[in-house]
Amino acid sequence: MRKLMLAGLALALVWLLVPAAPGIARAEEEELRLSLSVAGKPKPDRHKKGDTFEVEVAAGQAKDLFGVQFVVEYDPKALQLKADGHISVSKRFNDWVRKADARKGKVELALTRKTLPSGATGTESLATLKFKALKEGETTIRLTGIKATDAAPRELAANDEFVLRHVIDKPGKPDKPAKP
């Protein structure tokens, strides 16, 4: 009877360790990387006071991404974001949390995929935020509080934060192209 109990205990221990093996292999893979980018031409990091521009939140190495939560922080004296009307989420995701505090300069989003991850690699757009430039100078937009899971759900390794520096110029004539 004692040998049977030990064999059962050993089998249960092996059974518990087997699901952990993919997690061990996952640690060796490249981490999920969330980033911010500005759409615009010719210089995407510069706009004039009064301009409206979009900032995209994207995930690189999103192969197994199922759920993600993050906070976008910005200076409300330099940039204006109107609550929900200026936040769009990718059609591949549902947004379960969408909190925008224009006075504090914070947007919190929690998203899950509408379908299971396909295993495709590359960069995937998560959300787009539309800002209006309020004052001249350099400002930063931060991506913080990043947490991500796969469909198991297991936590995915991800970057802690991402900082985008942006310059707002005085309003006036558009930039002229440089002469050769």
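Thr139 counts as buried because its relative accessibility is 5%, where buried means under 20% relative accessible area, exposed over 50% and partly exposed in between, using a 1.4 Å probe and protein chains only. Thr139 is found in strand E10; strands here are DSSP runs of E with at least two residues, helices are runs of H or I with at least four, and both are numbered from the N terminus. Leaving aside neighbours within four places in sequence, Thr139 is in contact with Asp75, Ala78, Leu79, Leu164, Arg165, His166 and Ile168, contact meaning heavy atoms within 4.5 Å.

Before going further, a word on what you are looking at. This is a predicted model, in which local features need pLDDT of at least 70 and side-chain atom pairs count only at pLDDT 80 or more, while totals for chains, interfaces and linings use all residues. Residues are numbered from 1 along each chain as its sequence is written, and side-chain values use heavy atoms, with hydrogens and water left out.

Now step back to the whole protein. It has 2 helices and 11 strands, and along the sequence they follow the pattern α-α-β-β-β-β-β-β-β-β-β-β-β. Of its 180 residues, 31% count as buried. Among contacts between residues at least 6 apart in sequence, 75% join residues at least 24 apart.

E1 pairs with strand E3 (residues 52-60) in the antiparallel sense over 7 bridges; two strands pair if DSSP finds at least two bridges between them. Within E3, Glu54 is the bridge partner of Ala39.

Next, look at strand E9 (residues 123-133), which holds Leu129. Leu129 counts as buried because its relative accessibility is 1%. The C-alpha atoms of Leu129 and Glu56 are separated by 6.5 Å, although the two residues are 73 apart along the chain. Not counting residues up to four places away in sequence, Leu129 touches Phe53, Glu54, Val55, Val57, Val72, Leu81, His86 and Val107.

What about the aromatic rings? The whole structure has 2 aromatic pairs; rings of Phe, Tyr and Trp (its six-membered ring) pair if their centres lie within 6.5 Å, with planes under 30 degrees apart counted as stacked, over 60 as edge-to-face and the rest as tilted. Tyr74 and Phe131 have ring centres 5.0 Å apart and planes at 70°, so this pair is edge-to-face. The pair links distant parts of the chain, with Tyr74 in strand E4 (residues 67-74) and Phe131 in E9, 57 residues apart. Both residues are buried, and ring pairs link Phe53, Tyr74 and Phe131 into a cluster.

Of its 36 residues, Leu34, Leu65, Phe70, Leu126, Phe131 and Ile141 touch the most other members. The largest share of this core, 5 residues, comes from E9. Ile141 is in contact with Phe131 and, among others, Leu36, Val55, Tyr74 and Phe162, leaving aside neighbours within four places in sequence.

Notes
A nonpolar core is a set of buried Ala, Val, Leu, Ile, Met, Phe, Trp, Tyr and Cys residues joined through side-chain atoms within 4.5 Å.
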